[in-house]
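Me: I would like to learn how to read a structure like this one, feature by feature. Could we go through it together?

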Amino acid sequence: MPRPDRARRPGFALGQRISTAEFLAIAALVFIVVGASWYVVTVTGLVGRLFLPSPAQVVSRLAELAASGDLVTDVSISIYRISLGFLISTVVALPVGILIGSYRRWEAAIEPFVDFIRYMPVVAFVPLSILWAGTGDLQKLLIIFIGTFFQQVLLLMDNVKSVPRDFINLGRTLQMPEWRILQRIVLPSALPAIWDSMRISLGWAWTWLVVAELVAATSGLGYRITTAQRYFQTDLIFGYLLILGILGLATDQVMKYASRRLFRYLHAR
Amino acid sequence: MPVDKLLISGLGKTFRSERGVTVALEGVDLAIGENEFVALVGTSGCGKSTLLSIAAGLDSQDEGSIAIDGEPIVAPGLDRGVVFQSYTLLPWLTTLENVEFALKAAGKTAREAREIAQAHLELVGLQGFEKAFPSELSGGMKQRVAIARALSYRPKMLLMDEPFGALDALTRHHMQELLTGIWEKHRLTVLFITHDVEEAVYLSDRVAVMTNRPGRIKTVVDIDLPRPRHYEMAASPEFQRLHRAVLDAIRSESLVAAALQAALA
């Protein structure tokens, strides 16, 4: 009897498609397994409460903070900062990225320099940012900007560069002026990829927000985590980490969904 | 004596890179008459696409001249419609909008553009697909839209760069029949690049065979097959003879190239 083709056995074929239901079930299962393990480890006393609080502890701590209004305040101020910081970074990065993706001279002027700054650890800018901008919102925005902008510029440059050469040639054969080719062909063509770059860089922006709030802040999710550390409130730290995870997952899913809606034409079939 | 629509004389193009100097074209002479269909065949890398690029105004020559209606070609223009091998349909626009896009660039009003686009989609047999996005179309359909688009703004001539090269054999035959049909009805000057000898013979009035590096016109074969053309002709002795003549010219060329390479090695 011939041996079954390896590629036909479930789980072995590269890039094999699965149903949305199966996808969601597997994803949910991982959450459940990790959550259950967490529960078991804490209930059996395998790990001390100080190091790993039980799910129940975390939930009750979060409920407490929700009742006092602190949770909402912390989440809102952090969302406000990341929204504004990310918006500023994106608004500046878009023209720069498009410019250096379209013109080699601008690329020569900006790309190596951006690459140079990009490799400087953002964390190392925190002391400087406090010196320059104090400990208010401006300093948080500055850190988000430094952490996000330089990455975004390079991603955007690549997005613009990967517009097919023939698309631009099409515009030329139609005698369209260069700026119009940029506006009517290059930008719409790069848009789905640009959207994806925004989604990816938003994830990093969350990290820089919390970094900024951990070091010098009087409000926000990161600030609350730092104070919790002082009082050994491990349950609070866990609770806020969970919230950060949920916020990140939620924004990512929203952006993915929006992408599918906005760029439906790409997979209309 | 027919008037020359496109006149190429002594055309030369050299590419310089770190890896060395490549003479892509050297002393290319070719004249295409008004409403003549000329195919340019040659092995891959012989410079035929470079020649088309220069004719489209997307690239420039180093030597010689190229002119359309006596006007030197120095830039791309709406007087030449270009069909690329890669379809180049804008994915965010529907079939109809893709054709309208060109017409609006050519200065037509929205209403005119709609009417003309509609008519040209019908010409290529795509009525009913106006609202489809390119991602919903097959390769052959995409190329039909691209042809409709290139014809829509009434260029003086059509430049086609291996337009059916990416299609499967069956679709390619359909597209060849479609193109011949349209051409025989509407007559237009066409420069058609291909490496498919049968395709070249079937479609053209004349087939120009290009040499390999440096690219040069080796010979031009007159295709005196009657029109309208139809596919049964491919089996006729006359078709076979012409096919053979073109193939021999290319074959001796690739033999020379191989011998040259062997001698250099």
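Reply: Gladly, and let us begin with strands: two strands pair if DSSP finds at least two bridges between them. Helices (H or I, at least four residues) and strands (E, at least two) are DSSP runs, numbered from the N terminus. With that in hand, β9(B) and β10(B) pair in the antiparallel sense, over five bridges. These two strands, β9(B) and β10(B), form a hairpin with six residues between them. Within the pair, Val207(B) sits opposite Val221(B) of β10(B).
A word on the source: this is a predicted model, in which local features need pLDDT of at least 70 and side-chain atom pairs count only at pLDDT 80 or more, while totals for chains, interfaces and linings use all residues. Residues are numbered from 1 along each chain as its sequence is written, and chains are lettered from A and ligands numbered from 1 in the order in which they are written.

Me: What is the strand order of the open sheet of six strands in chain B?
Reply: The order is β6-β7-β8-β3-β9-β10, with mixed pairing. β6 and β10 (217–222) of chain B are the edge strands with a single partner each, so each has one side without a neighbour in the sheet. From one strand to the next, the twist averages 15 degrees; angles run from 0 to 180 degrees between N-to-C directions, and axes are lines fitted to C-alpha atoms, for helices over the stretch in contact.

Me: In which sense do β3 and β8 of chain B pair, parallel or antiparallel?
Reply: Strand β3 (residues 37–41) and strand β8 (residues 189–194) of chain B are parallel, over five bridges. One bridge partner to look up is Thr194(B) in β8(B), which faces Val41(B). β3(B) also runs parallel to β9(B), joined by four bridges, and there Leu40(B) stands opposite Ala208(B). In a regular strand the side chains alternate between the two faces of the sheet.

Me: How many residues of strand β9 of chain B are buried?
Reply: The general idea is a neighbour count: a residue is buried if 20 or more other C-beta atoms lie within 10 Å of its own, exposed if 12 or fewer, and partly exposed in between, with C-beta atoms placed from the backbone. For strand β9 (residues 206–210) of chain B, four of the five residues are buried, so the strand is largely enclosed by the rest of the structure.

Me: Which residue other than glycine has a positive phi near 40 degrees?
Reply: That is Arg187(B), found in the loop between α5 and β8 of chain B. Arg187(B) is exposed, with 12 other C-beta atoms within 10 Å. Thr88(B), not a glycine either, has a positive phi of about 50 degrees and lies in the loop between β6 and α2 of chain B. Thr88(B) is buried, with 26 other C-beta atoms within 10 Å.

Me: Which two residues does a cis peptide bond join?
Reply: Look at Arg227(B) and Pro228(B), where omega is about 0 degrees. Pro228(B) belongs to the loop between β10 and α7 (237–264) of chain B.

Me: How many residues does each chain give to the contact between chains A and B?
Reply: Two residues are in contact if their C-beta atoms, placed from the backbone, lie within 7 Å. Here 19 residues come from chain B and 17 residues from chain A. On the side of chain B that touches chain A, β6 (80–83) and α2 (95–105) of chain B each supply at least two residues. That side has 13 nonpolar, four polar and two charged residues, where Ala, Val, Leu, Ile, Met, Phe, Trp, Tyr, Cys and Pro count as nonpolar, Asp, Glu, Lys and Arg as charged, and the others, Gly among them, as polar.

Me: At what angle do helices α8 and α10 of chain A cross?
Reply: Angles under 35 degrees count as roughly parallel, over 145 as roughly antiparallel, 65 to 115 as roughly perpendicular and the rest as oblique. The axes of α8 (residues 178–215) and α10 (residues 234–262) of chain A come within 10 Å and cross at roughly 170 degrees. That makes α8(A) roughly antiparallel to α10(A). By class, their contact has eight nonpolar, four polar and four charged residues.
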